[in-house]
Structures are given as C-alpha cells and as structure tokens.
Amino acid sequence: MPPNTAEELPLNKRPLVAVGYGPRCVPVMQLTEAAAETCELLWMIDGTLPEMRQMTELLNRFGPVVDIGGLSAEEILRELVAPYRPDGIVTYLDAGMPIFSQVAEALGLPFHSVATSVALTDKAEQRRVLKAAGLATPPCAVIAPDDTDGDIVALGSSVGWPSVLKPRSAQGSRYTFFVDDESHLLRYLRNLGPSRPEMVLEGYLADDRSRAGEPYADYVSVESVVAQGVTSHLAITGRFPLAENFRETGFFIPAALNESDQAATLDLASSAIQALEVSTGCLHSEIKFTPDGPRIIEVNGRVGGGVPEMLGRAAGVPLVELTLRLALGEGIRYDGLVPTERIGYRFFLQPPPVSATVAAISGIDAVSDHPGVDTITVHQGPGAVLDWKDGSRNHIMAVVGSAHDYEELRAINELLLQEVTVTYADVSHDG
C-alpha cells in the first residue's frame, strides 16, 4: 500500500512524531494512548518483515504508514519522511537507529547523534568508547563470518576464558552464549552456520560471590531520560536469575538494593551516558555487580522491554508519553529516582535450551487467579516451534502485574514456576 501524501493528511495543530516501529516493540495501543494528548503518529516500518506487513492495516488506523525497508537516510528523507514534515523522531528498536539519527540531523530534530547511535547499537564500538573514556571494560574482539578456525582460536586466546559470545548488533539475548574454551566457541559458531552475523567475543564479567544465595540476579538496569543534555535516572530495575544462555526470567521496579549499591549503580550509569555523549532520549543501561564493583554490561539507547508497564504500575510514570515529549524537544527533569508505591514486575517462563515443539501448556489459571497478576500473555502456544538459539524472545509466556512487597513478588514468581507445566515434542539437543 503506498503511503498517504502530505495533502491527504488532515490539517491539525498537533505535532507529528515519526516512530521507528517493528516486531516486539512497544504495543500499538500503548503508543496511541500515550500520544492522545501529545502528538500525531507516523509509522516507519520495514515492510519486508512479514510481521509488519500483517500489522499495516492496524497501524494505518492511527496514522500514515511509510515503508522504509532497505532505504538509505537520503531516500527516507526524499521519498517518505520529508513530505510529512515530522516535528520529532523516536524509535523503540536498535535496528535502524543510526539511519534515524541521520534523518533527525537533516531535519534538525532532537535524537541521538550519528556517532552516539552507532555506539549504542554496535557492541564492539560501545566497548571502545567506554574504554577510551576510562571506564573499566572486559576485553572484546570481533569475529567475522568468514574468519577461519585459526583466526577464531587466536581471537579467543586474546580475550580469555570464560567469555561471552553475542552478535555485534542484536537484542533480547539472541545468539548469546557462555563460552568455556576454544572448542566450545567453535561449536557454537558452527551451529550458527556460515550466514551468521558479525559476532563479538568479550570477557565474562566475574560473579560477585558475596551475593551468592540471594533470590535476585547480580545485575540490574538503570532507566534514564536525557533532555537537552541533562540526565534524570527514573528507576533501577532488578532481575531474577537468568536461564541458561542469558535468557531473562523476570524483572521488577524498584530493584532491591541497599543505598551504597544504588549510589554506585547510578554513578556508573551517569558516567557511561556521559562517555557516549547522549544528549536526548531514553536509555536502558545494564550493570553487573562483580568482585571489583559494578561494571557496564551494555547501554541501550531506547526504552527497555517491559519497562513502561513496570514503571507505570510501580510509580505511575507514563514513560511512553515521555519518549514522545522528548522527541519533541521538551525539557524533562526528575530530581532523583521516582517514588514507588508498589513493585511492578514482568516475569517470563522460559523453555529449556533445546529445539522443540510446544505440545501443551497447563496450570495458567492457577497463576491468573492471583490478585497481584494483571495479565498473562502466551507467546509460544501449542504447535510453536522453538529454536534454542533465539534467546529471551523464545519465552513461553509473560506474566505482568504488581506486588505490595518483595515477599509477595517472590511468591508470585514461585507460583508461576510451580503451577505452569509445559510439555514438548520433537526435542533435539543440538546446542
């Protein structure tokens, strides 16, 4: 379907924000509700993706849709975006961020700079920038798809063991693995096949043994907004322990941290944001506690998955609306972490690290009946085919809600793990 022309758009005085939109993004209705009192929306999608072709009719109900799949920044400006004269640009995805930064620069709109966008979406470049700014970072090497086994072994030796293998540009822990040694590394790369993307191998950030036995994971994320060069940290998100292959099992706001850990976490997030020269937008900075103190895992130049829902439940903060206001250049400031009245959470039920077909799911009603549970969404229902390499996005179901305290939070998580049973067929252990 061709995009509407500027002449076909209704005349109104509300500003227009162009939204880089794609699969597993902020839900459409959540975005349209956030925009209701703020702006009109223009959707920029990659029409080569089947999921987006299926969503085009829905998106068109809430604003014009332009297909930017495969286009350069110049082509987007000339053929698609420029005729609409957007007043702001925002994206909730890593993919396409550097191109959007070029479009924003050409239109004089607030957005990450080109250099910042590259560093936020290229894990190797981000490590380089952070290291150059004096932040402690693990050793990191890039593995190209055509590197020989000899090249790979040499790179592995330069990084050391254990290490983490991940795509140079990706999200959701897809193709992300803990690597013990050279043979382990080569096996994972062979499983990914010759069409694999560029990968990075980086040193594993050591676990803080003093935290062993705690109910929560030893890493958190900081949710921040940057407006006109001023950073405000809104919240710290806690985690439940990861499933194998670094897959998320649950997170919650606010994190259960003491004052010392909280202060150190916020200081490090501020230093990383400054090093990356972020001047506007929302950030999701992942930080791990190690024996040597907190260390940056990665900084994402967008809203973290599930964070708007959790922050809304915990503190009533309309984060998606804030992203639109930031895109329009508003000066948004917060004095310290926002106060919370409850604990907002999002739990994932992850499958084992195998390739399989989901045969049946039972026990969901036992979880949905809990008063602290608001919604349960089944993402991989009976008949779904799972690939062990696909990371957190392979989760069977998501449970969203709020709790009065951390005891209730843990009780709901245990209820999910104890009551819901998933059976699988065609199981293969090809990892």
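## Starting with a buried strand

A residue is called buried when its relative accessible area is under 20%, exposed when over 50%, and partly exposed in between, using a 1.4 Å probe and protein chains only. Strands here are DSSP runs of E with at least two residues, helices are runs of H or I with at least four, and both are numbered from the N terminus. This is a predicted model, in which local features need pLDDT of at least 70 and side-chain atom pairs count only at pLDDT 80 or more, while totals for chains, interfaces and linings use all residues. Residues are numbered from 1 along each chain as its sequence is written, and side-chain values use heavy atoms, leaving out hydrogens and water.

Now look at β8 (residues 199-203): 5 of its 5 residues are buried, so the strand is largely enclosed by the rest of the structure. Met199, Leu201 and Gly203 are buried on one side, and Val200 and Glu202 are buried on the other. In a regular strand, side chains alternate between the two faces of the sheet.

## The partners of β8

Two strands pair if DSSP finds at least two bridges between them. Strand β5 (residues 140-143) pairs with β8 in the antiparallel sense over 4 bridges, and Ile143 stands opposite Met199. Strand β6 (residues 163-167) also runs antiparallel to β8, joined by 5 bridges; here Val164 has Glu202 as its bridge partner.

## A parallel sheet

Elsewhere, follow the order β3-β2-β1-β4 to trace an open sheet of 4 strands with parallel pairing. At its edges are β3 (65-67) and β4, each pairing on one side only. Strand β2 (residues 40-45) is joined to β3 by 3 bridges, and Ile45 of the sheet stands opposite Asp67 in β3.

## The largest cavity

A cavity is a set of points, on a 1 Å grid over the protein atoms alone, where a 1.4 Å probe fits but cannot get out; lining residues have an atom within 4 Å of a point. Grid points are joined across faces, edges and corners, and a volume is the space filled by probe spheres set on the points. There are 5 cavities of 30 Å³ or more, and the largest has a volume of about 170 Å³. It is lined by 16 residues, and those closest to its centre are Val90, Thr91, Phe111, Gly281 and Cys282. Strands β4 (88-91) and β12 (281-290) and helix α11 (319-327) each supply at least two lining residues.

Notes. 1 Å grid on protein atoms, 1.4 Å probe; cavity = no way out; pocket = protein on both sides within 12 Å on 5 of 7 lines; lining within 4 Å.
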